[in-house]
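Here are some exercises to work through with the model open beside you. Try each task before reading its solution.

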Amino acid sequence: MSLDGRKWAVVFGVVALVAVLLAPRLVPGASRGGNPPGGGKVAGQPTAPEFVERAGSQAAVVHVAGAVRRPGVYRMSAGARVRDAVRRAGGAGRSADLDAINLAAKVADGQQVVVPARGGKTGAAGTAQVSLGSATAEELDTLDGVGPVMAEKIVDWRSTKGAIGSVEELDEIPGIGPKKLETLRNQLAP
C-alpha cells in the first residue's frame, strides 16, 4: 500500500470512529449496547406524545364516539383524516354506518367524530339525525327550518370550512340565529 493509500485509510478510520461515537447523540433512539434504559426513551429526547405537544400547532386532539371499538379522545398528527381517527379508535364497530360520515375530511383540533350505527342515530325527539359532515343539500332540505337556499349555504360553508367539530358552528352562517340553531341541534349530528 502506498503512502497516499495509508493516509486515506487513516482518514476513513478516524471518520468512522467519530461517526460511531457521535451516533447516539445525533440519531434519536440509537445507543451503544442495545436499548437504552427507560423503555426505549433516550435521555433528553422527547417521547412521541411529548413531541406532539411541543409541536402543538399542527396536531389535533379529536373525540371519536359512536359505533367504534374504542371510543375516546385521541391525538392525531397534522393532516389526519376522519378515516385515520376511526382507525385510531380501533376501527368501526359491526353496526357502524361509515357511508354516513365523510371519511376523507381532515380532522380539526377539538372536533368530535361521531360514527353512527346503521339505521341512524336518533335525536331527542326520536327522529333520525342527519350528519352535518356528510349530508347532501337534498338531505339538509328535509330538515325543519331549512329550505333549499339554506341547505346550499350549509353545504358551501362546510366545503369552505372543512372539518366540523359541532353543530353549534352553524351560527357562523348568515341566516342561522339562535332559534334556528336550536331547531337544528336535535336534527343534526356533527
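This is a predicted model: local features need pLDDT of at least 70, side-chain atom pairs count only at pLDDT 80 or more; totals for chains, interfaces and linings use all residues.

**Exercise 1. Find which residues form a nonpolar patch on the surface.**

Solution. Start with the rule: a patch takes residues with over 30% relative accessible area and no salt bridge, nonpolar side chains (Val, Leu, Ile, Met, Phe, Trp, Tyr) being joined within 5 Å and like charges within 9 Å. The patch here consists of Trp8, Val11, Phe12 and Val15, with about 440 Å² of accessible area together. Areas come from the Shrake-Rupley method with a 1.4 Å probe, and for residues only the protein chains shown count as cover.

Residues are numbered from 1 along each chain as its sequence is written, and side-chain values use heavy atoms, with hydrogens and water left out.

**Exercise 2. Locate the salt bridges and say how accessible the partners are.**

Solution. Side chains of opposite charge can pair when their charged atoms come close. The criterion is a side-chain nitrogen of Lys or Arg within 4 Å of a carboxyl oxygen of Asp or Glu, and searching the whole structure gives 2 salt bridges.

- Arg83 pairs with Asp84, with 3.5 Å between the closest N and O atoms. Arg83 is partly exposed at 37%, and Asp84 is partly exposed at 22%.
- Lys161 pairs with Glu169, with 3.0 Å between the closest N and O atoms. Lys161 is partly exposed at 34%, whereas Glu169, at 17%, counts as buried.

**Exercise 3. Describe the largest nonpolar core.**

Solution. Such a core is a set of buried Ala, Val, Leu, Ile, Met, Phe, Trp, Tyr and Cys residues joined through side-chain atoms within 4.5 Å. The largest one has 20 residues, and Leu140, Ile154, Leu170, Ile176 and Leu188 have the most contacts inside it. Two or more residues each come from helix H4 (137–141), helix H5 (148–161) and helix H6 (178–185), helices being DSSP runs (H or I) of at least four residues, numbered from the N terminus. H5 gives the largest share, 5 residues. Now zoom in on Ile176: beyond its neighbours within four places in sequence, Ile176 is in contact (heavy atoms within 4.5 Å) with Met150, Ile154, Leu170, Asp171, Leu181 and Leu184. A second, separate core has 19 residues, among them Val62, Ala89, Ile101 and Val107.

Methods: Buried means under 20% relative accessible area, exposed over 50%, partly exposed in between (1.4 Å probe, protein chains only).
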